[in-house]
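Me: I would like to learn how to read the features of a model like this one, going from the contact between its parts to the strands and then to the backbone. Could we take them in turn?

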Amino acid sequence: MIQFLRFTSSSIEESRFDILSGRDLSLFFIKRAVYLVLFVYCTLFLAAALPFVKTPFIPVYFLGAFATSVFLIRFINYIVGYARYGEGSISVSGEGVLLAGKFGSVKIPVAEITYLERNYFGNLLVRRKDGVSSFPLMLLKEDDRAKLISLFQDLAPRRTVIYGKIWDFTDAIVVALVLAVHIIQFLIQAYYIPTGSMEDTLKVGDHLFVEKVTYGPIIPRMLSMKSPLHLSCLGLRDIQKGDIVIFRPPHDEDKDYIKRCIAVPGDLFEIKDGRVYLNGKPSEEPYVKGFTKSFSFGVMREKGIEGVVPPGKLVVLGDNRENSQDGRFFGYLDIERIKGRAFILYWNTGQVFKLDFSRFGLIR
């Protein structure tokens, strides 16, 4: 925050404020170092994981690089300030300001002070008629900083309040955005069903939540990563037959699909007489609508998914077997492409208007 202050000697009592030392100083620099790392991480993460935009989202890189650069300059400024004023202090009295540091002290009489400036880099600048003296304000304890500033008269109190509100608002927005994207990436995300490929389990217009904890977190593709990293070892369980999953199909990297997992690695998958057979036995599928053919959409070629499902692969089909672009079209699905499991159906406008809430709740 930028703030301009006036020295009013008649109202100032003699006060001394010491630079941080020992454990407090160590914690100060550790926190700033952590903040710097978080700036870099959040920039890379947001650029790779922002929903509803094509990633990586380049503008985030520019904004993040700018914010990180400013914070890095501030961090370097703290180091330089401590190198100069370590174990020192600032004293204020009716006679003026005394800056004491490792290389001696500077006394600035009241008559020479034109005004004081609190700049964005955490320094208190004492403007004199013939120059300026700088003191690392941020290296004081928080309470001491507030007391020191209160000793002076704010030349533009309204602007200070406005700057403070803008900073608080911006800070809240950025924190909320970072938290929201992390929640969407790692915990839960809302989806809308635009087609009837999962009828009658899920219908057009359904709104549902997809949870991303069961199968483990997915680290978005950042920097030189060739693909997202699925940490299945941190999941609660493996994908099971019957799970309704969200995934990015191999033939369309810009859309998410929702289908049901029918076969997992090691299963013998076959389609015979309009039914699915697993390991030689007909599969019980009470949710299926229509006949299961060995191809999806007559004009599209069969992908040869019948047989033993290879390691790391799945067979996924829509419940509406006669109107679903699924594994019969794009073949086996890599487990790494799974983004989450359909969890709760919470809204359908048409049903709400009819006061029908029978389908709302856990999705099975």
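Predicted model: local features only at pLDDT ≥ 70, side-chain atom pairs only at ≥ 80, totals over all residues.

**Reading the model feature by feature**

Reply: Let us begin with the polar side of the domain contact: between domain 1 and domain 2 there is 1 residue pair in polar contact, with both residues at pLDDT 80 or more.

Me: How many salt bridges are counted between domain 1 and domain 2?

Reply: The count of salt bridges between domain 1 and domain 2 is 0.

Me: How much area do domain 1 and domain 2 bury between them, and which residues of domain 1 lose the most?

Reply: Buried area is the accessible area that two parts lose on being put together, summed over both. Here the two domains bury about 790 Å² between them, with 72% of that area on carbon and sulfur atoms. On the side of domain 1, the residues that lose the most area to domain 2 are Leu 44, Phe 45 and Ala 48, which together make up 53% of what that side buries.

Me: Turning to the strands, in what order do the 4 strands of the open sheet stand?

Reply: The order is β18-β17-β16-β19, and the pairing is antiparallel. Because β18 (281–282) and β19 (307–308) stand at the edges with a single partner strand each, one side of each is left without a neighbour in the sheet. Within this sheet, β16 (residues 268–272) and β17 (residues 275–278) are joined by 4 bridges, and Lys 272 has Arg 275 in β17 as its bridge partner.

Me: Through how many residues does the hairpin join β4 to β5?

Reply: The hairpin joins β4 to β5 through 2 residues. The two strands, β4 (residues 96–101) and β5 (residues 104–109), pair in the antiparallel sense over 6 bridges, and Gly 101 has Gly 104 in β5 as its bridge partner.

Me: Finally, how should I read the backbone, and which residues does the cis peptide bond join?

Reply: As a general idea, most residues other than glycine have a negative phi, and most peptide bonds are trans. In this model a cis peptide bond joins Glu 199 and Asp 200, with omega at about 5 degrees, and Asp 200 is found in the loop between β10 (188–192) and β11.

Me: Where is Asp 273 found, and what is its phi?

Reply: Asp 273 is found in the loop between β16 and β17, and, although it is not a glycine, it has a positive phi of about 55 degrees.

Notes
Residues numbered from 1 in each chain as written. Heavy atoms only, no water. Buried area = accessible area lost by both parts, 1.4 Å probe. Salt bridge = Lys/Arg side-chain N within 4 Å of Asp/Glu carboxyl O. Polar contact = N/O pair within 3.5 Å; in protein donor to acceptor, adjacent residues only side chain to side chain. Pairing = 2+ DSSP bridges.
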